[in-house]
Amino acid sequence: MATFTISGYEIFSEAAREVSDIKAAQLQIVSPLGQATLDFSYASDDPKSAEVSLSDYNLILNGLHLNDGVLPERIELFNLTWDTQTSRDSSHVINLAYADGEGWRDCIFAVGNSALPDLTDPAEVTNMLNTAQFSVIAKSEMDQGFQIQLGDMPGVSVDGVIHQLFEEEAKERPDLFHFFQPSDAEGPDVTEFDIVTRTKENTQGEEATVVDIWDIEPAFIEEVSFDDFGG
């Protein structure tokens, strides 16, 4: 199992979309089998809709499993682009949107591209959101279609074992299985029984000679390919 933890913000806004309060938030994505990706798909073809469904997810928001509390009205995933004093930045943002009276409580986290800017002052955040650009993420922007690379999220911390680590290790590890059988070529008539016997023949206190089977002349053994099992 692996747990991917990221920090974000809980933004409270009024009906007029004025930000009234901001709190720090934490999102944990728990992968029971240790996969490091999270697939998602958009719920609508409407270009103005960023609502998504996630595949096989376990989300813990501020320490509470999503299914154990009030469920969000929708989960959105969009590209957020904003201007800074010197440049333009963008983030892939996941938003857990909750109805809050006549306003909204949006829990936003960067899951790709740049980290979110410092969002602490409600007036500055209102201005930033009013001037920012929101768009649905194009499939070409994702590494493998609509998929979040959990280990690449900005500021992510990882606990547990990631399954992909074992996959990479398996690719690099050499095959340690070897198959041998005696050939018809002439060679020393040595068997495993002879090797064991010869190590025990010396009973006069002299140093015994131990024959290692891997020291036998190569002519004695022949490597077998898988074709030899075909009959």
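This report walks through the aromatic contacts and ring-facing charges in a predicted model.

## Ground rules

Residues are numbered from 1 along each chain as its sequence is written. In this predicted model, local features need pLDDT of at least 70 and side-chain atom pairs count only at pLDDT 80 or more, while totals for chains, interfaces and linings use all residues; side-chain values use heavy atoms, with hydrogens and water left out.

## An aromatic cluster

Searching the whole structure turns up 4 aromatic pairs (rings of Phe, Tyr and Trp, the latter by its six-membered ring, with centres within 6.5 Å; planes under 30 degrees apart are stacked, over 60 edge-to-face, the rest tilted). One of them joins F40 and F146: the centres are 5.4 Å apart and the planes meet at 45°, so this pair is tilted. F40 belongs to strand 3 (residues 37-42), and F146 to the loop between strand 10 (133-135) and strand 11 (147-149), 106 residues away (strands are DSSP runs of E, at least two residues, numbered from the N terminus).

F146 also pairs with Y42, this time edge-to-face, at 5.3 Å between centres and 85° between planes. Y42 lies in strand 3, so its pair with F146 ties together parts 104 residues apart in sequence. Together, F40, Y42 and F146 make one aromatic cluster.

## How covered are these rings?

F40 is buried at 6% relative accessible area, and Y42 also counts as buried at 16%. F146 is partly exposed at 23%. (Buried is under 20%, exposed over 50%, partly exposed in between, using a 1.4 Å probe and protein chains only.)

## Charges over rings

R74 sits over the face of W104, 4.7 Å from the ring centre. (The criterion is NZ of Lys or CZ of Arg within 6 Å of the ring centre and within 35 degrees of the ring normal.)

Terms used. Helix = DSSP H or I, 4+ residues; strand = E, 2+ residues; numbered from the N terminus.
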